[in-house]
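Subject: Structure handover

Hello,

Here is the structure I said I would pass on. My notes on it follow below.

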Amino acid sequence: MKPELILNISVDCVVFGYDISTKSLNVLLIKRFLESETKQEVLVDDYVLTGYHVYTNETLDDTATRVLKELTGLTGQYKKQFKAFGNPDRLLNPKDLIWIKNAEFHERTTTIAYYFLLKTEEVDLKNNTSQAQWFPVDALPELGFDHKQIILEAYEDLKAKCLSEPIIFELLPDKFTINEVQDLYQSILGIDIDNRNFRRKLINKKYIIALDEKQVGVSKKPAQLYMFSKEVYDKVFQKNYLISI
């Protein structure tokens, strides 16, 4: 027997991914589309975060994990619960009210927001039934509900967190160059970073391990590859990450 839904509590997930080729921090959104019964009028056509109601037998973490898995097939990704959104008018936009009438929604729903960090190449969007699509965090499409506010607050939390914890390595391949780390920091923080100073600081971190490998398939001189050692970080630096940019 399928457990019951708690119709006035939901979980919304901001899924961040980084595209190394375009140096863009992106958000994964799903299509929200509704036509009139005669199909002569489009009632709703925009994008929203992936999310769903909580089942009575689930914790909030369980719901967030389930929602991400249903969208991407992935489990075990970095996730953080960062805020609850419960304004009484958060679902009362005209388009949102139309959508609610055609879905299992309560007009006064509190959502618990999480964000996930993952590698964009791990997500196969070709056969995605939700018409999921990556959008740059600074070029979002029209969004439903209060999802723009949720994304922007998740982004601000990510900016602060990436300076105190080594979470950016969740967005990078297992093997990376120093320039790719710098590009990612610049993309997240929206600033230019002094190349020499950043390289020197990062290479001196004991949890950044130089590999006996270089880039392959590049037109220019291949760069040295590195990896992040979570084991070294956990043993020695867990309480002292602080990156000075």
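**Notes on the model**

Cys162 sits in the loop that joins helix H3 (147-161) to helix H4 (178-189). Please keep in mind that this is a predicted model. Cys162 has a relative accessible area of 0%, so it is buried. Tyr185 is 23 residues away from Cys162 in sequence, yet their C-alpha atoms are 8.2 Å apart in space.

Next, helix H4. The twelve residues of H4 should span 16 Å at 1.5 Å a residue, and its end C-alpha atoms are 17 Å apart, which agrees. How much of H4 is buried? Eleven of its twelve residues are, so H4 is largely enclosed by the rest of the structure. Among these buried residues are the nonpolar Ile178, Val181, Leu184, Ile188 and Leu189, and the list also includes Glu180, Gln182, Asp183 and Gln186. What do they pack against? The buried residues of H4 are in contact with H3, helix H5 (195-203), and strands S1 (5-19), S2 (24-35) and S9 (224-228). Just past the end of H4, Gly190 has a positive phi of about 70°.

The nonpolar core comes next. The largest one holds 43 residues, and those touching the most other members are Val14, Phe16, Tyr115, Val181 and Ile188. At least two residues each come from S1, S2, strand S5 (78-85), S6, H3, H4, H5 and S9. H4 gives the largest share of this core, with six residues. Apart from this core lies another, of 22 residues, including Leu28, Ala64, Val67 and Tyr114. As for Val14, leaving aside residues up to four places away in sequence, it touches Val27, Leu49, Tyr114, Tyr115, Phe116, Ile150, Ile151 and Ala154. In soluble globular proteins, nonpolar side chains tend to be buried together.

Two backbone angles are also worth a look. Most residues other than glycine have a negative phi. Gln131, which is not a glycine, has a positive phi of about 50°. Gln131 is in the loop between strand S6 (110-119) and strand S7 (133-136). Phe145, also a residue other than glycine, has a positive phi near 55°, and it is found in the loop between S7 and H3. Which of the two is buried and which exposed? Gln131 counts as exposed because its relative accessibility is 53%, over the 50% cut-off. Phe145 counts as buried because its relative accessibility is 13%, under the 20% cut-off.

Regards

Definitions and conventions: Residues are numbered from 1 along each chain as its sequence is written. This is a predicted model: local features need pLDDT of at least 70, side-chain atom pairs count only at pLDDT 80 or more; totals for chains, interfaces and linings use all residues. Side-chain values use heavy atoms; hydrogens and water are left out. Helices (H or I, at least four residues) and strands (E, at least two) are DSSP runs, numbered from the N terminus. Buried means under 20% relative accessible area, exposed over 50%, partly exposed in between (1.4 Å probe, protein chains only). The expected span of a helix is 1.5 Å times one less than its number of residues. Contact means heavy atoms within 4.5 Å. A nonpolar core is a set of buried Ala, Val, Leu, Ile, Met, Phe, Trp, Tyr and Cys residues joined through side-chain atoms within 4.5 Å.
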